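Reader: Please show me the chain and its model. I would then like to go through its contacts one at a time.

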Amino acid sequence: MSTGIGLGIGPHMRIGELATRSGMAASTIRYYEQEGLLPRASRNANGYRVYQESALEQLNLIDVGQKLGFSLDAIRTVLGLQGAALQDGLLQGLDTRLGEIDGLMATLATQRQALLDARERLQQAWAQGECLNQAALAKGGPACDTELAPLTGSRASK
């Protein structure tokens, strides 16, 4: 940490040090400040941004929130809460995100099963020397398009 005069001691740090300590680019820190996720930095005598240690803690919270899939708007909302409202907001946000993840997992499981079914139908049709057109594949059954010759033996490569 450095003071406003850059001696390496004291409760303040410039944006470069904050960037190094947080692992974020200085441009990202400026963006978060512009978007209201970080309080405006004070300026020292030569105009450099000067941040308090709490800015590093806030950046760490933003980073964790993003890694958990929260939007910046959701993070901004939680950062604005205090006391019991903060606890309630965090729990509500986590529950909401868990619900979103559960929905995504269900969708992915359905898509995965559809892909496995399509793969199996293709393999069965090819093993029987048949071909599948798009409509037959969508309906889940083998059918040869009259314009296509049935496949024989192995798949034709194109």
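Author: This is a predicted model, in which local features need pLDDT of at least 70, side-chain atom pairs count only at pLDDT 80 or more, and totals for chains, interfaces and linings use all residues. Residues are numbered from 1 along each chain as its sequence is written, and side-chain values use heavy atoms, with hydrogens and water left out.

Reader: How far apart are the closest N and O atoms of R76 and D73?
Author: R76 and D73 both lie in helix α4, three residues apart, which is about one turn of the helix; helices (H or I, at least four residues) and strands (E, at least two) are DSSP runs numbered from the N terminus. The two residues form a salt bridge, defined as a side-chain nitrogen of Lys or Arg within 4 Å of a carboxyl oxygen of Asp or Glu. Their closest N and O atoms are separated by 2.5 Å.

Reader: Is D73 buried or exposed?
Author: Buried means under 20% relative accessible area, exposed over 50%, and partly exposed in between (1.4 Å probe, protein chains only). D73 has a relative accessible area of 53%, so D73 is exposed.

Reader: Why are K67 and D63 separated by about one helical turn?
Author: The side chains of K67 and D63 meet in a salt bridge, 3.1 Å from N to O. K67 is exposed, with a relative accessible area of 66%, whereas D63 is partly exposed at 25%. The separation is about one helical turn because both residues are in helix α3 (residues 53-67), at a spacing of four residues.

Reader: How many salt bridges are there by this rule?
Author: Side chains of opposite charge can pair when their charged atoms come close. K67 with D63 is one of the pairs, and R76 with D73 is another. By the rule, the count is seven.

Reader: What is the orientation of α1 and α3 to each other?
Author: Helix α1 (residues 15-22) packs on α3 at an angle of about 40°, with the axes 10 Å apart. Axes are lines fitted to C-alpha atoms, for helices over the stretch in contact, and angles run from 0 to 180 degrees between N-to-C directions. Angles under 35 degrees count as roughly parallel, over 145 as roughly antiparallel, 65 to 115 as roughly perpendicular and the rest as oblique. The two helices are therefore oblique.

Reader: Which residues of α3 make the contact with α1?
Author: Contact means heavy atoms within 4.5 Å. On α1, the contributing residues are L18, R21 and S22. On α3, they are E53, A55, L56 and L59.

Reader: Is F70 buried or exposed?
Author: F70 lies in the loop between α3 and α4. Not counting residues up to four places away in sequence, F70 touches G65, I75, G93, L94 and R97. With a relative accessible area of 18%, F70 is buried.

Reader: What share of the 158 residues in the protein chain is buried?
Author: The protein chain has six helices and three strands. From the N terminus on, its elements run β-α-α-β-β-α-α-α-α. The buried share is 23%.
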